[in-house]
Structure formats: C-alpha cells, structure tokens
Amino acid sequence: MARRLDSGPESVFLYWKGRVALYALLKAMQVGEGDEVVMPAFTCVVVPNAVLYAGATARYVDIDAKTLNPSLEAIEAAVTEQTKVILVQNTFGLSTEVDRIAAFARERGIRTIEDCTHGFGGTFGGRPNGTWSDAAFYSTQWNKPFSTGLGGFAVVKDPVLRERLEAVNRELIRPGRRQAAMLGLLVRVKSALVNDTTYWPALRAYRALSRRGLVLGSSTGGEVSSTEMPEAYFRGAAAVQAAVGLRALAKLDALSARRRENGLRYNEWMCARGYFNYPDEVLPDHGFLKFPVFVRDRAAFLERAEHAKVQLGDWFCSMLHPVEGDLSPWGLDADHFPVARKAAAAILNLPTDTADPERVLAFLEREEGELVGESAFPGISSTAMG
C-alpha cells in the first residue's frame with residue numbers, strides 16, 4: 001500500500017475499520033473539546049462520530065452540485081477560530097481542489113486530513129489520493145476500491161505526527177480470534193456466492209443479521225443511533241485482513257481500469273440525456289468507485305433494479321448515511337445545506353465494477369422516465385447540474 005502512496009511502510013497504520021483510523025488521527029492531532037472539524041454535510045455518520053468521540057464538534061459545509069464535494073469557497077466560509085482540522089472528502093472516487101484546500105489550511109495553521117475511504121488507487125493532480133494533506137485515512141470495507149471485508153488504514157508522512165500516532169495506537173484493542181474467523185468466513189462466502197442473481201437477497205440477509213449482531217457488520221447499531229463511542233471501538237487490524245488485502249491488491253489495477261471505463265460510459269450517457277454528469281475538467285481525476293444517479297421514487301427504482309438483476313448501491317441516502325430522520329444529535333440541521341439535502345433524497349449508485357455495463361445501460365434506457373433531470377431537481381440550477 002505504501003508503494004502506491006509514494007511512501008514507506010513506516011507511514012502506513014492498519015486498523016479494524018477506516019473510521020478507527022480517522023479517530024486515531026484526530027487524537028494524534030490533539031483534537032478535543034472546544035475544537036471544530038470542518039466536513040461535508042454529505043457523508044457517512046461514522047465520520048462525525050469519530051469527531052464527537054474525540055470530544056470535538058463537527059462543522060458542516062454544503063456540497064457543490066457539480067462534484068458532490070465541498071468547494072474551497074464553502075470551506076473558507078465555514079472556518080472559525082476554533083477550526084483545528086479540515087476533512088477533504090473523496091466522494092465516489094473523485095477528489096477536487098485538494099491542493100488549494102491544503103494550501104489554504106497551511107496558511108492558517110489548520111491541519112488537513114483526506115477522507116479517502118472511496119479514493120485509494122486514484123489520483124489528484126498526478127499524485128496519489130491522500131498525499132496532499134497532513135494525513136489521510138482509507139477504508140477497505142465491502143465495496144471499497146479494494147476490500148478486506150472490514151478494515152482501514154491511515155497514512156502519515158510527517159515524522160512528528162507519526163510519532164504521536166504511534167503513541168495513540170498503544171491503546172488499540174487486539175481483535176479476538178472469533179471476530180477474525182468470522183470475518184474470514186464472510187469474505188469467502190461473499191466471493192463464492194454473491195453475484196447478479198444473489199446480490200439482493202444476500203444484501204438483505206447480511207444487513208438483517210448484522211443489525212442483530214449475529215455477523216460482523218460495517219456499523220454497530222449504536223453507531224447509527226447514538227453519539228456515544230461503542231465498546232471496543234478502538235480496535236487494531238487482524239492478520240486475516242492483511243492476507244485478504246494482499247490478494248485484493250493484486251487485482252486493483254484491473255478493477256480500477258474497469259471502474260473508470262464504465263464510469264466514463266455512464267457519464268457520457270447521462271450527459272447526452274441531460275441527467276447528472278461530471279464536468280469535463282474533473283474527469284481526469286475521477287476513479288468512479290460509484291456513479292451517482294438521481295431518481296423520483298427510490299423504493300420503486302430499487303425494486304425494479306432487483307428484478308433486472310442490477311446491483312445498485314445506496315450511498316449516501318441520508319446526509320449522514322445511513323441515519324434516517326433527526327440529525328440534530330450530530331449537530332446537523334438539514335435545512336442549512338440544501339444541495340446535500342436534495343441529493344440525499346434522490347440518490348442511488350450505479351455499479352462501476354460490473355463486467356456487464358450493457359445490462360446497466362439497458363436498465364437505464366427502460367427506466368429513463370424515473371430519472372431526475374436538471375429541470376426536475378429543484379433548488380439546483382441547470383448550470384450546477386453540469
């Protein structure tokens with residue numbers, strides 16, 4: 001992993017999950033009570049959770065409708081005297097303005113962390129994602145650029161910050177044998193049994209079992225219902241994750257090329273018909289982990305996708321995915337962030353890792369009447385929608 005990030009192995013730190021890597025970085029940066037961390041109002045709830053667990057406050061910014069990332073202008077407006085860290089998010093494989101955001105932060109003595117949970121293997125400005133800022137964290141969970149089932153890591157090149165992180169990591173909890181064995185089994189089951197035909201029933205079964213705590217899930221119930229740190233949250237990596245990761249890394253280049261090829265095809269199709277598409281200037285830096293599509297009736301669209309055996313994703317169907325309803329415990333008022341709110345209300349994701357993009361495009365052709373066009377996306381101008 002270090003070689004792909006123009007770094008050395010001493011700069012890479014492995015964890016049970018990517019969110020744990022973020023929490024560790026915040027602690028190493030001495031983020032705590034009275035500090036603010038600037039982040040998008042369009043992310044996974046585990047990101048503000050890590051900030052809250054550290055004792056700090058999440059300060060949200062709206063996203064840009066062309067990229068689904070916050071702009072430098074929005075970040076500048078959100079920064080206060082209490083800002084300690086700016087999180088620079090790679091959304092669905094796209095990093096934007098990272099160089100300018102990092103330069104802005106350095107001028108003001110603010111740390112930056114790249115949220116590269118979607119971005120490993122991709123680039124921005126000719127450099128690997130995650131190498132522009134003071135540090136970065138990555139996820140290797142299900143459906144990420146490469147997967148170890150559950151998992152994540154941090155990259156820190158600065159020797160002083162690295163020393164602080166090593167001190168923080170002395171408190172890591174070792175994964176138990178039962179957890180490691182269950183994770184290895186889940187990885188093998190997914191590899192052997194999950195395909196276009198079994199995807200939807202397997203997804204429902206996995207989510208139901210993980211909610212009940214019967215299998216390891218991406219999130220515990222407490223993480224989506226409370227701002228209290230779950231027991232045994234600060235957990236290190238297991239050997240099984242490294243073993244699975246090594247095999248997955250061997251396939252990363254081919255898989256990344258497929259994702260990019262499919263993503264560009266989807267983008268061209270959407271652009272020709274007036275639906276959400278990415279502007280030309282950001283395409284060279286887009287890794288297309290997922291491709292967003294906006295629909296009128298999400299439940300009905302998902303049902304028809306299951307019938308057509310198209311593996312749609314649901315990132316980020318909430319501004320703090322997957323939390324539904326009141327977001328005030330996390331300090332977020334949805335009305336203050338109209339682009340993120342409208343995007344979360346209508347978004348689904350097309351699979352870019354598919355070996356059969358024609359099936360996906362044929363499904364879109366049949367269901368085109370359900371897609372939200374520029375004029376039907378209230379509150380977001382046609383210019384902003386690309």
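Me: Where is the place of Val 189?
Reply: Keep in mind that we're looking at a predicted model. Val 189 belongs to a helix that covers residues 177–193. That helix is α6.

Me: Is Val 189 buried, partly exposed or exposed?
Reply: Its relative accessible area comes out at 38%. Buried would need under 20% and exposed over 50%, so Val 189 is partly exposed.

Me: What is the accessible area of the nonpolar patch formed by Leu 185, Val 189, Leu 193 and Val 194?
Reply: These four residues form a patch on the surface. Taken together, their accessible area is about 320 Å².

Me: Tyr 138 and Phe 153 form an aromatic pair, so what's the geometry, stacked or edge-to-face?
Reply: The structure holds 21 aromatic pairs. In the one made by Tyr 138 and Phe 153, the centres are 4.5 Å apart, with 5 degrees between the planes. Planes under 30 degrees apart count as stacked, so this pair is stacked.

Me: How many residues apart are Tyr 138 and Phe 153?
Reply: Tyr 138 sits in strand β9 and Phe 153 in strand β10, so we have a link between distant parts of the chain. Both residues are buried.

Me: Which parts does the Tyr 278 and Phe 291 pair tie together?
Reply: Tyr 278 is buried at 1% relative accessible area, and Phe 291 is buried at 0%. The two are 13 residues apart in sequence, so the pair ties together the loop between α9 and β11, where Tyr 278 lies, and strand β11.

Me: Which residue lies over the face of Trp 132?
Reply: Look 3.9 Å from the ring centre of Trp 132. The residue there is Arg 127.

Me: And which ring does the charged end of Lys 290 sit over?
Reply: The charged end is 4.8 Å from the centre of that ring. The ring belongs to Trp 315.

Me: How many of the residues of helix α2 are buried?
Reply: Helix α2 spans residues 46–53 and is mostly covered. Among the buried ones are Val 46, Pro 48 and Tyr 53.

Me: How far apart in space are Thr 83 and Ile 110?
Reply: Thr 83 lies in strand β5 and counts as buried, at 8% relative accessibility. Ile 110 is one of the residues that Thr 83 touches. They are 27 residues apart in sequence, and C-alpha to C-alpha the distance is 7.0 Å.

Me: What ties Asp 134 to Arg 111?
Reply: Side chains of opposite charge can pair when their charged atoms come close. Asp 134 is in the loop between β8 and β9 and Arg 111 in strand β6, so parts 23 residues apart in sequence are tied together. The two side chains meet at 3.4 Å, N to O, in a salt bridge.

Me: How many residues apart are Glu 367 and Arg 304?
Reply: Their side chains meet in a salt bridge at 2.8 Å, N to O. Glu 367 is buried at 15%, whereas Arg 304 is partly exposed at 31%. Glu 367 is in the segment after α12 and Arg 304 in helix α10, a separation of 63 residues.

Notes
Residues numbered from 1 in each chain as written. Predicted model: local features only at pLDDT ≥ 70, side-chain atom pairs only at ≥ 80, totals over all residues. Heavy atoms only, no water. Phe/Tyr/Trp six-rings, centres within 6.5 Å; stacked < 30°, edge-to-face > 60°. Helix = DSSP H or I, 4+ residues; strand = E, 2+ residues; numbered from the N terminus. Buried < 20%, exposed > 50% of the residue type's maximum accessible area, 1.4 Å probe, protein only. Lys NZ or Arg CZ within 6 Å of the ring centre and 35° of its normal. Patch = residues over 30% accessible without salt bridge, like charges linked within 9 Å, V, L, I, M, F, W, Y side chains within 5 Å. Areas by Shrake-Rupley, 256 points an atom, 1.4 Å probe, with all protein chains shown as cover. Contact = heavy atoms within 4.5 Å. Lists of a residue's contacts leave out its neighbours within four places in sequence.
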